[in-house]
Amino acid sequence: MTRNILLIAPLLLAVLFSSCSSDDDRPPTATIDLETIGLTPLTGGSSYQGWLVVNGQTVPTEKFTNASKLSLEVLASDLENASQFIITIEPKGDIDDNKPSDAKILTGNFTGNSAQLTFENVVADISSVSGQFYMATPTDNAGGVDNGNDEFGVWFMSGTNAPGLSLPKLAKGWKYEGWVGFGGKILSTGTFADVDVTDDGNFFKGSGGTVPEFPGEDFLVLPSQIPLEGISLPAEVKSEKVYITIEPYQDNDPAPFFIKPLSANAGELTGVANPVVMIPNNAVPSGRATRPN
């Protein structure tokens, strides 16, 4: 028995020594404290992710969905040498590729031990947006003759040949998107990067007419390849909420994003002579990242 104990003791000491050495060999870590205002929690499968910029290279933090206040653990050396902090929207199903998506939503340079994070410097300045729309259904006006069902369409236009929206150019990774809330069902009018081109929607258009070279949609026909529940087409836009969002367009989330620079309720009168002026909303998220002294 004594001999067995003597043989086991050195083995136990070796294991303990190896464990202590392994702990001592791990690089030291530190926490970066993050506080944000207006950065709504994500629920559609996409996520936020923080990134340190260290010597020109991006170093990822863990992903998160609620960014109001949290602490992120990173290597102490990376945090000490970081010149900038970035928050991105990473799409649903994103693999851990250690590369930031194009949809950067907040960014700021470190001054001392804190970085003020802003939206305007990385996405767009939306302090001076404006817009209007009117109800019309040009996509089924055969021969250019109005067939009297203009309450089923919405077009972000001024007159018959001018944009109705005044919006700044968005950074890479972002697009605008129009929406109409039909009671409990929200339908997209399509995403767009410019206010004077046809958007990438028009899934519900009619036939026989033309699609204007501006964002908008006629909610006339439901294609068989687009399953929808809770709404039938044609659908009246009258009195419904119409709005524009700024979307991380590769986030794989079909729901509207929370940044809504323009909105208005449609009225009862249709046609180009009855535009609805949209209400601007320049509220955008902001934040601060702080590292230890």
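Strand labels first: a strand (E) is a DSSP run of at least two residues, numbered from the N terminus. Keep in mind that this is a predicted model.

**Stop 1: the largest pocket.** Select Glu 177, Trp 179, Ser 188, Thr 191 and Pro 254: of the 20 residues lining the largest pocket, these are the closest to its centre. The space in there comes to about 420 Å³. Now colour strand E11 (175–182) and strand E12 (185–192), each of which gives at least two residues to the lining. Which strand supplies the largest share of that lining? That's E12, with five residues.

Stop 2: Next, pick Tyr 134, Ala 136, Pro 138, Asn 141 and Thr 160, which lie nearest the centre of the second largest pocket. Its lining has 17 residues, and the pocket holds about 300 Å³ of space. By class, the lining splits into eight nonpolar, six polar and three charged residues.

**Stop 3: the salt bridges.** Side chains of opposite charge can pair when their charged atoms come close. Counting a side-chain nitrogen of Lys or Arg within 4 Å of a carboxyl oxygen of Asp or Glu, the model has four salt bridges. Here are some to look at.

Jump to Asp 94 and Lys 63, whose side chains meet in a salt bridge at 2.7 Å, N to O. Asp 94 is in the loop between strand E5 (82–90) and strand E6 (104–111), while Lys 63 is in strand E3 (residues 57–64), so the pair links distant parts of the chain, 31 residues apart. Asp 94 is partly exposed at 22% relative accessibility, and Lys 63 is partly exposed at 28%.

Finish on Lys 169 and Asp 194, a salt bridge at 2.9 Å, N to O. Lys 169 lies in the loop between strand E10 (165–166) and E11, and Asp 194 in the loop between E12 and strand E13 (216–218), 25 residues apart. Lys 169 counts as exposed at 57% relative accessibility, whereas Asp 194 is partly exposed at 30%.

Definitions and conventions. Residues are numbered from 1 along each chain as its sequence is written. This is a predicted model: local features need pLDDT of at least 70, side-chain atom pairs count only at pLDDT 80 or more; totals for chains, interfaces and linings use all residues. Side-chain values use heavy atoms; hydrogens and water are left out. On a 1 Å grid over the protein atoms alone, a cavity is a set of points where a 1.4 Å probe fits but cannot get out, and a pocket is an open set with protein on both sides within 12 Å along at least five of seven lines; lining residues have an atom within 4 Å of a point. Grid points are joined across faces, edges and corners, and a volume is the space filled by probe spheres set on the points. Helices (H or I, at least four residues) and strands (E, at least two) are DSSP runs, numbered from the N terminus. Ala, Val, Leu, Ile, Met, Phe, Trp, Tyr, Cys and Pro count as nonpolar, Asp, Glu, Lys and Arg as charged, and the others, Gly among them, as polar. Buried means under 20% relative accessible area, exposed over 50%, partly exposed in between (1.4 Å probe, protein chains only).
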